[in-house]
Amino acid sequence: MWLPALAGVVVYLDTSVIGQTLLGQPIVACVLYGLLVDRPEVGLFFGVLFELIWLANLQIGAAKFSEGSLGTLIATATAARVAPSEVTGEPAWIVLLLCTGLGLIFAHLGREVAPLVRRTMNGVAEKYVQTFSEGGSGGRWIFTALGVHVLAGGAFTLLGVAAGHFLLRLYFGEFYALGPGEAVVNSTDLLCSGVWPSLLGVGSAAAMIQLVARKDWLWVMVGGGILGALLL
Amino acid sequence: MNDAPRMTNILLRSLAVQLFLNYKTMQGPGYLMSLGSDLRERNEHKVRAAGSFINGHPAFSSIALGALTKRLRGEVTAETAKDISEWKRQISTPLGAIGDSIIWERWKPALLALCVAAMLFSREFAATAWVWAVSAMLLIYNLSLWSFRVWGFRHGYQLGERVAELALHPALPAARRVLRILGIAAAIAVVCAALWTAFAPGTTSALQFGAGFLIMLGAALLRTSTLTACFLTILSSFAIAYFSTSTSLLP
């Protein structure tokens with residue numbers, strides 16, 4: 001549990017507090033996490049999918065925003081705990097689907113994290129300015145502010161991953177760490193595998209909405225469609 | 001004695017300009033933390049002026065930091081501190097609007113989208129492609145923003161109070177044109193790569209992709225949340241699978 005929490009802290013700090021270097025973006029952080037736990041395919045699946053879906057999720061000014069990166073990390077960390085399917089040797093689609101839902105819900109719940117942190121920071125910031133104007137370094141308040149962010153990122157991720165484990169245990173029973181059995185995979189793979197192409201569709205539309213002005217949407221759809229068809 | 005501001009020190013500290021982000025003064029205390037080492041005589045007026053309300057794009061904060069450094073080097077009384085606070089409030093709008101529209105809305109998502117397209121195109125070599133694409137993206141994004149921060153600080157310091165003039169810089173329309181083309185290219189690359197990936201397995205997969213695409217477009221037009229769009233899409237993928245396949249789970 002400590003690894004997802006640590007990764008959550010890094011992702012949270014990079015996404016909204018320090019540097020904003022893109023290290024906390026799903027396509028970077030989730031694949032790195034996947035590599036760390038020796039499940040890069042899980043990291044790539046969620047990294048690619050959620051990066052596109054949350055591309056239009058902008059953290060601007062005082063507006064509320066979904067914690068898309070933390071949600072993706074929660075989905076990746078939860079799915080990576082479940083062993084690959086016995087049948088295909090790859091992650092079972094039912095696991096990926098459940099974790100996708102979990103990641104989306106937690107990303108949405110994360111909309112309340114930033115306002116809570118900012119309200120807490122009202123008092124911390126005031127004390128920092130006060131201490132600085134009195135000749136102090138304000139170091140104590142800098143560490144307090146950092147601590148608030150670390151706690152927010154770590155606790156939120158931990159909550160998400162714990163909820164994910166509980167959910168998967170409910171579904172797979174106490175042997176969920178062994179991976180879904182043949183019966184489960186055979187009966188759910190066909191139905192659940194649709195999560196990949198359908199959410200890829202959502203992600204492509206989200207990328208177009210974010211990157212292109214509405215008057216140019218037609219050009220993108222026609223251009224992308226023709227090029228895609230040529231490649232097929 | 002060298003009178004130049006310690007630019008690198010200020011810019012490195014400004015990477016954490018959002019540390020104290022709050023509803024009362026937004027990034028203000030972050031500006032104070034960034035300029036802390038450059039405030040020679042620490043009187044209350046200077047500190048209050050440095051820590052007063054300001055909010056803009058973090059990379060564009062370098063412009064305001066340069067200008068603020070210059071203003072705080074002069075004598076600051078209660079009256080000038082009030083002027084500086086008001087001036088900071090006024091420059092927040094252009095700093096936020098221009099920075100967000102250029103970096104948050106175009107430059108960052110375009111690079112990320114190109115990176116994802118590279119992953120989708122490389123299929124079974126996605127892991128190798130990830131190493132190269134992500135390294136290149138991180139390098140390009142961070143070097144470009146750091147160069148901009150340096151440029152911004154120098155120009156902000158040079159212009160001081162008149163820093164808002166930078167909003168009329170002739171390079172801005174050209175940058176917008178380039179980013180518009182980059183955005184279109186990145187979106188085409190993503191749509192093309194996603195189509196290629198989703199259509200290859202067969203009709204069911206293609207229909208599911210199409211449904212997801214249309215639902216998201218509809219959600220954007222109706223201003224519905226991404227969460228709702230995603231869950232509707234998952235439900236639609238079940239329906240499409242139900243009508244196009246038969247499994248032991250389904251009648």
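Cys192(A) is buried, at 4% relative accessibility; buried means under 20% relative accessible area, exposed over 50% and partly exposed in between, with a 1.4 Å probe and protein chains only. The model is predicted: local features need pLDDT of at least 70, side-chain atom pairs count only at pLDDT 80 or more, and totals for chains, interfaces and linings use all residues. Residues are numbered from 1 along each chain as its sequence is written, chains are lettered from A and ligands numbered from 1 in the order in which they are written, and side-chain values use heavy atoms, leaving out hydrogens and water.

Over all chains the structure holds zero disulfides, a disulfide being a pair of cysteine sulfur atoms within 2.5 Å. Two cysteines are listed with the closest cysteine sulfur, in each case too far for a bond.

| Cysteine | Closest cysteine sulfur | Sulfur distance |
|---|---|---|
| Cys192(A) | Cys99(A) | 12 Å |
| Cys230(B) | Cys30(A) | 15 Å |

Cys230(B) is also buried, at 0% relative accessibility.

Pro58(B) lies in the loop between α3 (44–50) and α4 (61–73) of chain B; helices (H or I, at least four residues) are DSSP runs, numbered from the N terminus. This proline is buried, with a relative accessible area of 5%. Leaving aside residues up to four places away in sequence, Pro58(B) touches Gln20(A), Val17(B), Gln18(B), Gln27(B), Trp104(B) and Arg149(B), where contact means heavy atoms within 4.5 Å. Glu124(B) is 66 residues from Pro58(B) in sequence and 37 Å away in space, C-alpha to C-alpha.

Leu218(A), by contrast, is exposed at 56% relative accessibility and belongs to helix α10 (residues 217–231) of chain A.

Conventions. Helix = DSSP H or I, 4+ residues; strand = E, 2+ residues; numbered from the N terminus.
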